[in-house]
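Welcome! Have the sequence and the 3D view ready, try each exercise yourself, and then follow the solution step by step.

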Amino acid sequence: MSYPSRRAFLASSLAALAGARALGADADSKAGPATKPSTLPSTQPTAPLAVEDAAFQPSTLFLTWQRDPTTTMTVQWIGVTGETADTRVYCSTAVGVSERLGLWPMTATPKIKPYPMTDFKVFRAELTGLQPDTTYYFRIGKSSPIYNFRTMPARATNTISFISGGDCGVNSHAIANNIQAARQDPMFAVVGGDLGYDNGKSVDISLAFIRNYSKHMIAPGGRLIPMIPCIGNHEVDGGYGKKREKAPFYYALFDGLFPDTGYNTLDFGDYLSLVLLDTGHTSEIGGEQASWLENQLKARVDHPNVFAVNHVPAYPSYRKMGTTAEKGAPAKAGTGSGNRQHWCPLFDKYRVPVVLEHHDHTFKRTKPLIDGMANDNGVLYLGDGSWGRLRNPNTPDKLTHLAVTSRDYHLSLHRIQGQERFHIALDENGRVMDVGHSGQRTKGLVQVKE
Ligand SMILES: [Fe+2]
Ligand SMILES: [Fe+2]
């Protein structure tokens, strides 16, 4: 943690950020969500094709990714067969004469598969071969509004910003945080488990979560904000140690990114990697996942921005960590024991700078840690999942791995600027609660257990 850097940041770019506009705080905090585009972008010269009474406006439409976000986008919604005649996704970098005549240069036909326990279907259309750092317009068939998205840049020459959080649910606080998240104009949002709390059983809750995301996670200009998920216990009927079939709604929506296991890495060109992990819900923490994790981290040891994302925290702020063996008493497993045994040594060894954690329903920033001990060259653990759920955290004087905790609904805004990363915790009113900083960990300065 470089405090001079943090002060410098606070004095410069955060000063602008902390103004009401950038964070959407204060005066307009009760304003409604951004609305989806009902007219063409103002740069388009002619009469709108998209109108407010567009016949087909799926309330569950959202974007996600299955592979490189610099050149692809996955458009997804839940609906019923036959509700619109043409479900193809038409896409273009502009809406001009050709598009108004119905001639769009790109078309993707969705794959259609069942949404569990219902007659609904999941419609999934992946657009590939896109240009990086480019705005695209798309519509579904001939009668939906025209939406827009932006591909990620090929290189991180300008600031990369994204939101992360977890433990959302579908209450008013989760919605308030959706609205604040969208106001930050993030390039995408990482939702680190416990999305709607459907528990693998409630169709209604699973749909309510997606509807809320679809309605509110819209950036200024009507840009849809893609969602990158990571599995939590409340996606799963039974929570832990279950087969994929016990997380039916999660995998119905996200088996494009997680086709075989509960974990995968999403690489953004060669400048950002999100290593999305499964804390024992549908994949064992040790064994194959730990071996896979080592290979993933080893292959990216010199990459500048490798973020690990997991639901259950290695260094909790609320739950108990368990005990180590002493005086003849055996060790007792606690929250995060599996992570600390199988994953943290790899984070230490392969220079992972930041781990995003959730599940404990608090705001937390740890000290940078190596093997659980404060170390200036250590791994920063940020959490702990309070998008829409709250608990009373432990305080740093009780748990030495903690630097800051609070009981607040919050999200983290991450800004990658050159060699530096800033991690800004925002409350549900958009106010800055905390600013953390992480530089690239330096190779060779940390002795870790082999
Ligand atoms: Fe949770
Ligand atoms: Fe959880």
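Donors are N, O and S atoms within 2.8 Å of the metal (3.2 Å for Na, K and Ca), and water is not among the atoms, so sites may look incomplete. Four donors count as tetrahedral if all angles lie between 85 and 135 degrees; four count as square planar and six as octahedral if opposite donors are over 155 degrees apart and all others between 65 and 115; anything else is irregular.

This is a predicted model, in which local features need pLDDT of at least 70 and side-chain atom pairs count only at pLDDT 80 or more, while totals for chains, interfaces and linings use all residues. Residues are numbered from 1 along each chain as its sequence is written, chains are lettered from A and ligands numbered from 1 in the order in which they are written, and side-chain values use heavy atoms, with hydrogens and water left out.

**Exercise 1.** Find which residues coordinate the iron ion (ligand 1), and classify the site.

*Solution.* 
Step 1: Look for the donor atoms. They belong to Asp167 (OD), Asp194 (OD), Tyr197 (OH) and His361 (NE2), at 2.1 to 2.2 Å.
Step 2: Check the angles. Among the 4 donor atoms they run from 88 to 170°, and the site is irregular.
Step 3: Go along the sequence. The donor residues are spaced D-x26-D-x2-Y-x163-H.
Step 4: Check burial. Both Asp167 and Tyr197 are buried (under 20% relative accessible area; exposed is over 50%, partly exposed in between, with a 1.4 Å probe and protein chains only).

**Exercise 2.** Describe the surroundings of Ser164.

*Solution.* 
Step 1: Ser164 lies in strand 9.
Step 2: With a relative accessible area of 4%, Ser164 is buried.
Step 3: List its contacts (heavy atoms within 4.5 Å). Leaving out residues up to four places away in sequence, Ser164 touches Val190, Leu356, Trp387, Leu411, Ser412 and His414.
Step 4: Look for a polar contact (a pair of N or O atoms within 3.5 Å; within protein, one must be able to donate a hydrogen and the other to accept it, and residues adjacent in sequence count only if both atoms are side-chain atoms). One of 2.7 Å joins the side chains of Ser164 and His414.

**Exercise 3.** Is Asp255 buried or partly exposed, and which residues does it touch?

*Solution.* 
Step 1: Find Asp255 in the loop between helix 7 (248-254) and strand 14.
Step 2: Its relative accessibility is 23%, so Asp255 counts as partly exposed.
Step 3: Beyond residues up to four places away in sequence, Asp255 touches Lys113, Arg124, Arg244 and Tyr250.
Step 4: Its side chain has a polar contact of 2.8 Å with that of Lys113, and one of 2.8 Å with that of Arg124.

**Exercise 4.** Work out the strand order of the open sheet of 7 strands.

*Solution.* 
Step 1: Strands of a sheet pair through backbone hydrogen bonds, either parallel or antiparallel. Two strands pair if DSSP finds at least two bridges between them.
Step 2: The order is 14-15-16-19-23-20-24, with mixed pairing.
Step 3: Strand 14 (264-268) and strand 24 (402-406) stand at the edges with a single partner strand each, so one side of each is left without a neighbour in the sheet.
Step 4: Zoom in on one pair. Strand 14 and strand 15 (residues 272-276) run antiparallel, joined by 5 bridges, and Asp267 has Ser273 in strand 15 as its bridge partner.

Definitions and conventions. Helices (H or I, at least four residues) and strands (E, at least two) are DSSP runs, numbered from the N terminus.
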